[in-house]
Structures are given as structure tokens and as C-alpha cells.
Amino acid sequence: MASHAIEIRNLYKIFGPNGVDFIDRVKAGMSKSELNEKYGHVLGLQDINISMPAGGVMVVMGLSGSGKSTLIRHINRLIEPTAGEVLYDGVDVCRMNEADLRDFRRHKTAMVFQKFALLPHRTVIENTVYGLEIQGVPAAERQKRARHWIERVGLSGFENHYPNQLSGGMQQRVGLARALTNDADILLMDEAYSALDPLIRVDMQTVLLELQKELKKTVVFITHDLDEALRLGDKIAILRDGKVVQQGTGQEIVLNPADDYITAFVKEVNRGRVINVETIMTPLAGNPEGMPIAAGTVLEAAARAMTAANQTIAHVVDASNRPIGSIPLAAIIASMVTPAEHDQHAQAAA
Amino acid sequence: MALCDNMPAVVCRFPALSDSTIRGGRKVIDEGFKGLVRSYSSIIDAAVQPLQTFLNFLERLFVTSPWPIVLTVMLVVVYSCSRSQNVTIGTAAAMLFIGLFGLWNDAMVTLAMTTVCTLFAVVLGIPIGILMARFDRVQSFVNPVLDVMQTMPSFVYLIPVVMVFGIGKVPGMIAVVIYAIPPMIRLTNLGIRLVDREVLEAADAFGSSSWQKLKNVQFPLALPTIMAGINQTIMMSLAMVVVASMVGVGGLGKNVLGAINNQFFTVGFLNGFALVAIAIIFDRTSQAYGKRLQKHTEVVHG
């Protein structure tokens, strides 16, 4: 199944009984606090424009109250937008009628929840077949497909356990298996790993990355953790107070934070695991020197390889092994530490 | 009274409507109602005839079947619901005592009546509860009705029931169902409203229709509360079957009524205890069944 991109255009959400009445004033520039204090309505999202890459992982990052969970619920319309469009395959999800929407949710999307949201009275396998069951897939077929995914997420042998009998990490594996069994193009993950212990979280990130390598679904992943965002995201959008502050690849955000808020965020990031060698290499002048390093390698790995080989300079090679730039160890180390002016910015922001 | 001497009369005596006005109004309502009942009596009789036949059939089935068969069936039902030896043995002992004291037939009549009434209350109550949980407007309409049903002394609504249906099993049953159905409706409504919102959202996200959501998520998760409602309904039907004996329902309640009228101390208590025994059997069986349905909540990851 070829994956399709999701386009979000001019999306607004105003919570409150008469949200629509205020849309023009918000578009004209009324602030979130003014709307709240004077009219008692809450501005959830304003003017969101994101194109989510087909077959890639789109991470939406923000702190609590930034509107990220509201945003992901617009993609399968668990929340009705006040204005704007969510386009999938050229169709506006926000204009679908009830039957089309149900069909869209059944066949095109699958969702994983922060608090797992498993059915407590059903066993692991009964939970996993849920999506297929409501689609009306025959029992034998849905059992077969569910068993496949239970095995893939590493839960073989637990098919007949109840969710209560499993740890948080295992319950979320059930949540993931339930979503994958649906075989939908879009995978929506709403803070799916936020409730897990740090080690299990990294573990689950690995599971997702490995599955994604072969599945190539359009994944929308919500998180409040920048490290998680950088590890998983092909593209990242950072949300604050219902607005997109910056969007781009992880490298772009770490290297060029749009404002003090994001600078403060990226300050603590391990840059060596985000920035690639070709980002900081200098164009090749003369013959390639030192050991070859593949483009796409992160700085930390490059530094490790060079230190092990006792080299102070290396050249970057592209996919066809052609040298494209050179990179000294000193430059790598300089780029791995947070620039001084970022530190000052961050302090000013804090 | 001294205070009243210097005051206008309207402050001292509540300005009630005059006796003749009230009498006139009462007469109009009573006559009107009686007239209505009289003119539709044949239709009402025809409408309740199937119910009457069903009740008679069930009562006869319970009373005329040989007691070992009834006892065996009862024990099988109790055991298959509760899976508890203690409850089953207790049931056998209680029923044997009831038989020993010559109350077997009366107990069977009561049992038949309670079973039918509970079934009716459950079958009517659950859908009403579901509607209440789904639509706030239904809830705001049904809630006050339930308040009236629960607080209105049961003797009061026995009056119109008897006027419409006469004396017999059907009016008795209607009175019992009116009395016993409120907890069924309320707890169904409550149980469904308490279902975890996140799980409901998950059901929506996978594209469940309302019926699928009700069947797969809301009803099963509300089941513990609904079972508590069924348990309450059973208890209240049993209590009300005694009161309903005043309008011609036989069984243990009738004996109690006779004992009150004649001050037969022993008879009263014997029948009372027989009712208690039946109540305990119903209660323990239905509770154990409810608990068994919830076995998944007991096993916890550790």
C-alpha cells in the first residue's frame, strides 16, 4: 500500500459553546488570553499549516497545553475543527459525512493512546482483533493477522492474558499491535510512550523505528520529549500555545532554533546524535584525506570511529562511495558542544 | 394563640381552598378516572390477558411440579451461576426447611412471582437506562419520574393500579415492577456514564458505530454496576411481593398479611424467615455471578 501525505491547512480550534463566532476575530489577531478572559472561550489551535510526509514519521512536539493532543485528534476528527482543512489523498476529513468518516477511521487510520485505552475485559488477542472485528473481517482471518502482529511486537505467549496482568510497557505493545493489525496507512500515536519508564521507552522507540523501516506508514507521533522527537522524527513541528513555532528536520531545529523558546529546548540536546557529518563538512579541496565516513552518519558515531582509528581528519563519502567533503575531528567536537550564544539566549529566555 | 388575637385571620389560618372546592375537584377526577376505566375495561382486560395467562402458567409450573425436580433445577441454576458449593448447600438447606414447615407451595408462588417481576424490571430497565445515559434530555425527564416512583408510598399507586386492573396477579406484578425498576434504570445509566472516556475514544478512533460501542465497550464495562442494579431489583421485588399480597398476589406475603391481621406471632415469623431465606439465595447467587463475570479485574500485574 502506498502511503499518502497529510496536509493540514489553516486549522483553527476554539473550545467553547460558540467557537465559530470568534473565528474572524481570532484571525484578525485577537490573542489567546483576550479570548479567554473576555469571552470565556479557549483558543486550542491557531492557523496550523503542516504537511506531513508520506511514509515518514512526523513528530509534533510541545509541552502540556500546547495543543498537540488536540491537533492529532483532528486528523481522525475525534475533535471537530472550528475552521480549516485536514486533507488526506485530496479529501478533506473535516467535510466527510458520518459514514465516510467511520470508513476512514476503520481503514485509513489506527491510533495508539497515552494511557493505552485497552478494553480491560478482553484478552490481549481479543483487544488486538478489535479493529478488524468492527470492520467485519471473518474470525479466522482476524485471529491470524492479530497473532502475526502480537508476535512482531514481542508478546507471543501472552495472547490470553488480560491487560491487567501486563506491565505498562507490555500493555502499550498491545496498543501498538492493535493499531498495526488494522493495517491502516496512517498511524496516530498520541504520547504513546510518555507513560513508560525511560528504558522501556527507548526500547519501544526502537520497535517503532524497525517496524517503520519496512512498513513505511505515515506516522504522526506526539511527544513532549525533544530527545524522542529527534530520534523518531523525519520531520518535527514544535507547538506552543496552539501555534506552530518551528517546523523542519531535527537538524534544522537544533542548528537554527527559531526563537529563544526553542533555543532553551535544544540546549540540553545531545547534538552529537542529531547532526550529520555532511551538515558541517567543508567542501572537498584537493584529495580526500584520512578515513572515509558515510554521509548520514551522526557526529557521535563519526568521532567514535575516528578516535578508534586514531585519525584527526576524515572525508565524507556519498552513497556511491564518492568523496564529497572533508571533516576534521576538531570541527566535529566543536559542533557537538552547545554554542555559547545559545546558552546566553537560553538563559535570557528562562 | 394569644399572638393570633391581634392579627388578621389570613396570617393565622392557612388560606386553604374551601372544602367544597376540593371535594368538587376530587369528585371530577375520581369520576373521570373511573369512567375512563369503565369505558375501556374490555380493552384493558384483553390487553393483560396474555400476561395473566403467562403468570398463571408459571405459577402452576412451580407449584405442581414434583418438589424434587424443582429443587434440583433450582440447585443447578444456583450452582451454575455462583460456582460455589457453600451457596448451593445453603440453598438446599433453606429450601428443605421451608418445605418442612409446610411453606413449600407458598414459597413456590412467591418465587414464581419474583422471577417474573425481576425479569420484567431488567428487560424494561436496561434499555431505559441506556437511553438515559445516551441522551441528557431523557435523563432530565426520567430522573424526576424515578424519584416519584421511589418515594411515593407503594400503597398509593396500588390504588390506581387496582382501579384499572382489578384485584389479582397482574396488578400485583405491575406494582412490584414499578417499585423494583428504579435501581435497575439508575445503575444502568450510572454504569454507562462512568465508562472510561479514553476507552470510548479508542473505540471511536477505530471507527465503531454506536451499536458496536455499546455492545463491545459501554455495556461490558458497565456490567459490574448493572449487576449491582439487578441485585437491588431482586431484593426490592421480594420485599414488594409481600405488599402486593394485599391486592391478591398469593404466596408467603399472603400468610404474613394474615398473620398481621390475626396476630399470629409464629406464623408471621416463619413466613418472614422463609422470605429472608429466598432473598439470601437470590442475593448470594446473583452477586457471585456478577463477581465471576469480572474475573479479569482481579488478576493484577505484579
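**Chain A, overall.** I counted secondary structure to begin with: chain A has 16 helices and 14 strands. Helices here are DSSP runs of H or I with at least four residues, strands are runs of E with at least two, and both are numbered from the N terminus. I then looked up the radius of gyration of chain A, which is 23 Å, close to the 20 Å from the globule rule for 350 residues, so chain A is as compact as a globular protein of that length. That radius is taken over C-alpha atoms, and the rule is 2.2 Å times the number of residues to the power 0.38. The C-alpha trace of chain A spans about 65 × 55 × 35 Å along its principal axes.

**Ground rules.** I am working with a predicted model, where local features need pLDDT of at least 70, side-chain atom pairs count only at pLDDT 80 or more, and totals for chains, interfaces and linings use all residues. Residues are numbered from 1 along each chain as its sequence is written, while chains are lettered from A and ligands numbered from 1 in the order in which they are written.

**Burial and contacts in chain A.** Of the 350 residues in chain A, 40% are buried. Buried stands for 20 or more other C-beta atoms within 10 Å of the residue's own, exposed for 12 or fewer, and partly exposed for in between, with C-beta atoms placed from the backbone. Among contacts in chain A with a separation of 6 or more, 68% join residues 24 or more positions apart. A contact needs C-beta atoms, placed from the backbone, within 7 Å.

**The annotated domain.** The unreviewed UniProt entry gives "domain: ABC transporter" for residues 20-266 of chain A. UniProt positions follow the numbering used here, feature names are shortened, and annotations may be inferred rather than shown by experiment. I found this span to be 44% helix and 21% strand, with its end C-alpha atoms 36 Å apart.

**A helix check.** Lys216(A) follows α9(A) and has a positive phi, near 50°.

In chain A I traced an open, mixed sheet of four strands in the order β11-β14-β13-β12. Its edge strands, each pairing on one side only, are β11 (282-283) and β12 (291-294) of chain A. Pairing requires at least two DSSP bridges between two strands. β12(A) runs parallel to β13 (residues 313-317) of chain A over four bridges, and Ile293(A) has Val316(A) as its bridge partner in β13(A).

**Where the chains meet.** I found 19 residues of chain B in contact with 21 residues of chain A. On the chain B side, α11 (197-205), α12 (210-244) and α15 (295-298) each supply at least two residues, and α11(B) gives the most, six.

**Chain B, one residue.** Is Thr91(B) buried or exposed? Thr91(B), in helix α6 (residues 85-100) of chain B, is buried, with 25 other C-beta atoms within 10 Å. Beyond neighbours within four places in sequence, Thr91(B) contacts Met74(B), Leu75(B), Val78(B) and Ile281(B).

Terms used:
Contact = placed C-beta atoms within 7 Å.
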